[in-house]
Amino acid sequence: MDKVSFKVEKGQITALIGPNGAGKTSLFDIITGLVEPDEGEIIFAGQNIDKMEGYKRARLGISRIFQQVRLFGNLSLAQHLRLVQDNEDMKFWKNIFWPGRIDNKKYQDFLADFGLKKELDTVVSDLSYGQRKLLQIAMAVFHPHQLLMLDEPVAGVNSVAQNQIEQIILGLKQKGHTILLIDHDMDFVRRLSDKVIAFDAGRILTSGSAQEVLSDMRVVESYLGQ
């Protein structure tokens, strides 16, 4: 990162765009504590969190999905939601297998909102790739959060699943969620984003509305290849 500075506005969708290797996912890793920055500050919920452990940032209210789906193939839908239900300091296996913590109707209704109308004991290995994407997003939303970070939420899914995910994200915005996302689909970014930040080689080229950024010749040359 080279003197990267920006603000994510509450209740809005902010998109990071840029070519592969521009530093977008690296920035996500820095914000969530997977990578330690060499310098600078990360201010979240009024706190400087750049020295805070990643799990503490999650408890503070940062929720994230990864570009590559990261789920447990042999665990059920209910067990995955149980893992992210709250921010209590509880042991991993207790989170999964303590039956008293599972509200079946709540879980079923919640998953149905994400297009996952399946039995709660369905294991992840029985889901399609698009359904796994939906579950990953559902888990991030189910986790108590103030900031939702989505790394390429529609990458690798068909047009039906993409439209479904797009409507889910727009619905979250209407409910007041604050969302920071990365994606390479410019039409998707244009439809969803309140603000777009264009990256190249670890620095910010420009930022503004989708129309402003996607028509900027620096962005066209570095990212769109025209």
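Rings of Phe, Tyr and Trp (its six-membered ring) form an aromatic pair if their centres lie within 6.5 Å; planes under 30 degrees apart count as stacked, over 60 as edge-to-face and the rest as tilted. The model is predicted, with local features needing pLDDT of at least 70, side-chain atom pairs pLDDT 80 or more, and totals for chains, interfaces and linings using all residues. Residues are numbered from 1 along each chain as its sequence is written, and side-chain values use heavy atoms, without hydrogens and water.

**Exercise 1.** Find how many aromatic pairs the structure holds, and classify the pair of tyrosine 107 and phenylalanine 142.

Step 1. The structure holds 3 aromatic pairs.

Step 2. For tyrosine 107 and phenylalanine 142, the centres are 5.5 Å apart and the planes stand at 90°, an edge-to-face pair.

Step 3. Tyrosine 107 belongs to helix α5 and phenylalanine 142 to helix α6, so the pair ties together parts 35 residues apart in sequence. Helices here are DSSP runs (H or I, at least four residues), numbered from the N terminus.

Step 4. Both tyrosine 107 and phenylalanine 142 are buried, where buried means under 20% relative accessible area and exposed over 50%, partly exposed in between (1.4 Å probe, protein chains only).

**Exercise 2.** Determine which residues of helix α5 (residues 104-113) are buried, and where they lie around the axis.

Step 1. Tyr107, Phe110 and Leu111 are buried in α5.

Step 2. These residues cover an arc of only 95° (taken from the directions from the helix axis to the C-beta atoms), so they are on the same side of α5.

Step 3. The face turned away from the buried side carries exposed Lys105 and Asp113.

Methods. Helix = DSSP H or I, 4+ residues; strand = E, 2+ residues; numbered from the N terminus.
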